[in-house]
Amino acid sequence: MHLAVIGLGLIGGSTCAAIRRVHPDWKITGYARSIATREAALARGLIDHAAESPEGIGAADLVLIAVPMGQFQSVFAAVARGRSENTVVTDAGSTKGSVVRDVEAVLGSIPSWFVPGHPIAGSERSGLEATNPLLYVDHQVILTPLKTTSPDALAQVTAFWRAQGARVSEMAPDRHDEVLALTSHLPHVLAFTLVHALSDDDEHLDIFRYAAGGFRDFTRIAGSDPVMWRDIALANQAAVLVGIDRFADRLVHLRTMIAQADQDGLIRSFERARAARELFKALSEQGAQHVTETHPSVFQVRAGGPLTGCIRVPGDKSISHRAVMLGALADGVTNITGFLEGEDAIATVQAFREMGVEIEGPTDGKVRVHGSGVDGLKAPQASLYVGNSGTTMRLLTGILAGQSFNATLEGDSSLSRRPMQRVADPLAQLGAQVRTSATGTPPVQITGGQSLRGCHVDLTVASAQVKSAVLLAGLYASGTTSVTEPAPTRDHTERMLNGFGVPVRREGSTAFIEGGQRLTATAIDVPADISSAAFFLVAASIVPGSDLTLEHVGLNPTRTGVLEILRLMGADITVLNPREVGGEPVGDLRVRASALQGIEIPAALVPLAIDEFPVLFVAAACATGVTRVEGAEELRVKESDRIQSMVDGLSALGVVIQGTPDGAIIEGQGAQTQFQSADVQAHEDHRIAMALTVAGLRAPKGVVVHDCANVATSFPNFVGLARQVGFPLDLLG
Ligand code: S3P
């Protein structure tokens with residue numbers, strides 16, 4: 001194998017050194033503009049030959065272009081002239097849109113032999129002297145192949161970086177540039193600017209002399225190569241400007257708060273930032289490719305062959321949350337297996353860590369919670385940031401209502417729009433002090449130190465989250481707390497409290513709990529999430545010839561509305577090997593393709609299938625006849641307005657669907673349904689993203705679903721499992 005590296009700075013030089021270690025038999029040709037650098041590389045044994053010009057790469061099998069962005073176009077033109085027929089070319093530029101434009105400017109189109117790439121392993125050190133053979137170990141390399149890129153070239157470049165120890169992922173060039181603008185380019189621009197601003201001061205030497213660790217940490221990256229960062233700022237101009245504007249708005253806002261001595265505002269802003277930073281840390285420490293490996297956000301799927309195989313979807317989200325919460329409040333150590341390693345459940349783990357609970361994991365679905373006892377939580381140092389997770393926010397509000405300390409709960413942009421007064425009101429009946437924003441949305445502020453009194457609460461919404469918040473607050477109330485729900489909702493909290501030794505009595509639609517009891521740690525095996533399985537139940541039903549088995553799915557009767565609805569529509573679903581695991585019924589589900597019929601969805605099933613409606617709408621669109629959903633107004637206040645999101649998405653695919661205030665009317669197109677091709681939006685909503693991806697299985701020309709990053713909140717390995725059973729699914733960003 002003959003490798004050529006153009007540019008022998010930190011990036012190119014480190015690749016030479018890394019390849020020397022893992023492939024000592026490879027021949028390496030190097031080129032750098034400065035003769036001294038070429039000679040130094042030869043002297044250090046990093047390269048075997050020095051080329052006189054970039055054209056001189058001659059017969060190399062693989063060429064890495066690792067030059068500053070400003071030189072890329074001319075170097076690429078020379079490499080294109082000098083390459084031989086089978087040479088594959090990749091690059092290491094920090095922006096990808098500009099690279100693609102430069103290549104187009106040289107050749108008119110993107111050749112199959114070019115694979116744009118970006119090793120994210122820079123450092124403020126630069127030059128050949130900084131070369132490090134381990135630079136890429138455990139670092140990310142993002143490749144941004146285009147439609148024209150040959151799969152062989154992509155495989156070769158992927159293997160090249162993996163051999164150097166890197167973790168390789170793929171993304172669309174534009175998405176890469178947006179993400180890097182915010183996570184890398186903006187911080188560099190800010191660091192340079194801060195140091196520049198301070199150095200304007202005549203006394204700056206004195207200032208720097210007294211600068212402490214904060215200054216050093218924040219400005220470390222201002223020691224980076226100015227030419228490189230000038231080129232990056234200009235090459236990714238549009239996305240960097242968006243980032244700067246966003247930051248400038250925040251800074252002006254902060255200035256106002258300081259000018260007005262707005263103590264509360266400042267605390268809110270700093271606490272939110274601190275909490276978001278802590279969650280980021282927890283997600284990245286988790287090692288599992290969260291955060292550090294950005295989530296794919298654009299899916300492309302098209303009609304294909306039958307879906308087959310046997311898979312286990314991840315752990316139940318509702319049960320995973322509750323296992324951590326009750327484990328944290330219990331006496332003793334709770335071992336959880338099958339835990340959902342999605343962002344929502346990890347937000348719960350992190351919130352309890354911030355209240356002093358020791359929690360190990362998750363690792364391979366295992367979590368060990370060292371309970372602090374029902375009275376052992378500690379005041380968090382800042383607001384608790386729970387990301388996208390409504391369940392964490394609402395159930396925690398119930399727990400926090402009974403603590404001696406104050407706490408504030410915050411969430412991301414989607415959660416910040418969702419109704420929280422529905423928990424604040426019933427908790428107030430127990431004597432809790434819970435404040436939401438003027439519009440009833442987060443942040444939620446809970447004033448501790450209240451003495452809660454057990455009482456009866458009649459819920460006005462059928463919500464398991466609100467019911468659970470009341471029962472959890474009931475643990476801290478004197479006497480009996482009872483809660484009546486207007487329709488049955490999932491009862492995992494009741495079942496799990498029983499499992500932790502706290503009896504919850506049930507009479508009709510009312511659940512009763514006695515305050516002042518202690519919880520005893522237990523072991524929890526979390527079954528696979530029926531809400532995640534639902535995407536595959538519908539997918540296999542609508543793709544002809546499919547035969548799929550979903551293992552170990554939780555079949556709690558308060559969650560199986562989706563099975564009943566699909567069966568009423570004519571789906572072919574069999575429960576195999578029914579059993580009970582840790583107080584929850586479980587079974588394997590075999591689903592085979594079948595012709596579906598439109599139905600009137602029975603009102604009683606709506607709360608029992610509330611999370612599955614997005615994908616049920618897809619089933620309805622493929623059924624023969626009309627399907628009507630009523631009494632599902634709750635869908636309007638989920639992670640997005642799920643009625644509107646699905647009406648928009650399915651209409652774009654050519655489905656006749658009409659949204660109503662509390663549901664939808666969908667005119668099914670029958671067994672031969674073929675959706676038209678379209679670009680659709682998931683609106684930051686994981687279930688909309690996956691439902692529209694399933695719809696794409698009936699679109700011969702494919703569907704592109706945007707804004708899918710939040711799939712990681714509930715179903716981190718959705719793409720992998722979908723591909724495994726046969727979804728023709730590509731990632732475009
Ligand atoms: C959940 C209850 C439901 C559901 C959510 C999880 C829970 O919400 O939509 O995904 O774990 O209790 P509501 O209580 O708002 O209906």
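The model is a predicted one, where local features need pLDDT of at least 70, side-chain atom pairs count only at pLDDT 80 or more, and totals for chains, interfaces and linings use all residues. Numbering runs from 1 along each chain as its sequence is written, and side-chain values use heavy atoms, with hydrogens and water left out.

Start with the overall layout. The chain is assigned domain 1 (2-170), domain 2 (179-261), domain 3 (295-313 + 528-731) and domain 4 (317-525), with bounds that come from an automatic or database domain assignment. Between the C-alpha centres of domain 1 and domain 3 there are 43 Å.

Now for the ligand. The residues around it are S318, R322, T391, R394, S463, A464, Q465, R490, I610, D611 and K638, where a residue makes the list if one of its heavy atoms lies within 4 Å of the molecule. Domain 3 and domain 4 both contribute to this shell, so the ligand lies between them. Three helices, α12 (317-329), α14 (390-400) and α16 (464-474), each supply at least two of the shell residues; helices here are DSSP runs of H or I with at least four residues, strands are E runs of at least two, and both are numbered from the N terminus. By type, the shell splits into 5 charged, 4 polar and 2 nonpolar residues. In this scheme Asp, Glu, Lys and Arg are charged, Ala, Val, Leu, Ile, Met, Phe, Trp, Tyr, Cys and Pro are nonpolar, and the others, Gly among them, are polar.

As for individual distances, a side-chain N or O atom of R322 sits 2.6 Å from an oxygen atom of the ligand, and the side chain of S463 likewise has an N or O atom 2.6 Å from a ligand oxygen. With A464 it is a backbone N or O atom that comes in, at 3.0 Å from an oxygen atom of the ligand. On its own the ligand exposes 390 Å², and the protein buries 95% of that (Shrake-Rupley areas with a 1.4 Å probe).

T558 sits in the loop between β26 (547-554) and α19 (561-568). This residue is buried, at a relative accessible area of 11%; buried means under 20%, exposed over 50% and partly exposed in between, with a 1.4 Å probe and protein chains only. The T558 side chain makes a polar contact with the side chain of N556 at 2.5 Å (a pair of N or O atoms within 3.5 Å; within protein, one must be able to donate a hydrogen and the other to accept it, and residues adjacent in sequence count only if both atoms are side-chain atoms). That side chain of T558 also reaches the backbone nitrogen of D491 at 3.2 Å. Setting aside neighbours within four places in sequence, T558 is in contact (heavy atoms within 4.5 Å) with T489, R490, D491 and L608. R490 also belongs to the ligand shell.

S546 lies in the loop between α18 (530-542) and β26 and is buried at 3%. Its side chain reaches the backbone nitrogen of L307 at 2.9 Å. Contacts of S546 beyond four places in sequence are P306, L307, A540, V591, R592 and A593.

Finally, helix α3 (residues 72-82) is mostly covered, with 8 of its 11 residues buried. Among the elements covering those buried residues are β1 (2-6), β4 (62-65) and α4 (97-107).
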